[in-house]
Amino acid sequence: MEIPQLQITSTRGVLGLRTTPGIQEIEQPRAILTQQQPAAILEISTTSPELLLDTTEVRADLDLKSVFKRTEEFAELGFQEGMEGIARRAEQGRELMDIGNGKNVIKEHAIENGSRHMKSLGIKFIPNPLKLQMSIQPGSLDINVEPQKPINEVKIQKPVYRYTPSKLTAQMEQWPSIQIDVKW
C-alpha cells in the first residue's frame, strides 16, 4: 500500500518598510543687546597759587630807585649835611674865639675844610639775595568724579523650532503562501 505523501511548500511573507527620517531644526537667534555707558561727571575746581616777590630793597641795592624814593633820600641827605655843616661852623666859630691862646686855628680849619676824606675800598656783592622778600600762598586742586552706571538692555529672542515627523510606509512585497500537494 502506498501512502500518499503530503508536500507542503510555504513562502514567507516579505514586508517592506520604507522610512523617511524626521527632520528637527532648532535655531536660536542671538539676543539683542543694547549697551550705553553715560560719561562720568567730572568736576575740577582750582585755586591759583600766589607768589609775591618784593624787590624794592634789592632794586635799591642796585641803585634802581623810584623818583619818589630818590627825592626822599636827597631831602634827608640834604637836611643831614646841612645840620652837619651848621654844627661844623659852630665848632669852628668856638675854636676861632680861642685864637688868642696861641693855637693856629686858621691853619687847622684850612686843612680840615680843604682836604677830602679818604674813602675806603671795599668789595660789596650786590644785590643781597637775603633782601628779596617772598610770600607764597599755595593753591588747591579739587577733583570730584561721579561715575555713572552702565545701561544694559537685553531682548531675548525665542528659539525657532521646526519639526518634520518621520514617515513609515509598510508594503507587502511578497505575500505569504502555503501550498499543500498530495502525491500518490
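**Figure 1. A salt bridge between arginine 162 and glutamate 25.** In this predicted model, the side chains of arginine 162 and glutamate 25 meet in a salt bridge, with N and O 2.9 Å apart. Glutamate 25, with a relative accessible area of 38%, is partly exposed.

**Figure 2. Arginine 162 with glutamate 27.** Arginine 162 also takes part in a salt bridge with glutamate 27, where the closest N and O atoms are 3.3 Å apart. Because glutamate 27 lies in strand β3 and arginine 162 in strand β10, this pair ties together parts that are 135 residues apart in sequence. The relative accessible area of glutamate 27 is 43%, so this residue is partly exposed.

**Figure 3. Lysine 65 and glutamate 73.** A salt bridge joins glutamate 73 to lysine 65, and their closest N and O atoms are 2.7 Å apart. Glutamate 73 is partly exposed, with a relative accessible area of 30%.

**Figure 4. The salt-bridge network.** Glu25, Glu27 and Arg162 form one network, joined by salt bridges that share partners. The count of salt bridges is 4. Among them are the pair of arginine 162 and glutamate 25 and the pair of glutamate 73 and lysine 65.

**Figure 5. Histidine 109 in helix α3.** Histidine 109 is part of helix α3, which covers residues 105-114. Is this histidine buried or exposed? With a relative accessibility of 7%, histidine 109 counts as buried, because the cut-off is under 20%. Leaving aside residues up to four places away in sequence, histidine 109 touches Gln92, Glu95 and Leu96. With one of these, glutamate 95, the histidine side chain makes a side-chain polar contact of 2.6 Å.

**Figure 6. Strands β2 and β11.** Strand β2 (residues 14-20) and strand β11 run antiparallel and are joined by 7 bridges. Within this pairing, threonine 20 stands opposite lysine 167 of β11. How many of the 8 residues of strand β11 are buried? The count is 0, and the strand, residues 167-174, is hardly covered.

Technical notes:
Residues are numbered from 1 along each chain as its sequence is written. This is a predicted model: local features need pLDDT of at least 70, side-chain atom pairs count only at pLDDT 80 or more; totals for chains, interfaces and linings use all residues. Side-chain values use heavy atoms; hydrogens and water are left out. Helices (H or I, at least four residues) and strands (E, at least two) are DSSP runs, numbered from the N terminus. Buried means under 20% relative accessible area, exposed over 50%, partly exposed in between (1.4 Å probe, protein chains only). A polar contact is a pair of N or O atoms within 3.5 Å; within protein, one must be able to donate a hydrogen and the other to accept it, and residues adjacent in sequence count only if both atoms are side-chain atoms. Contact means heavy atoms within 4.5 Å. Two strands pair if DSSP finds at least two bridges between them.
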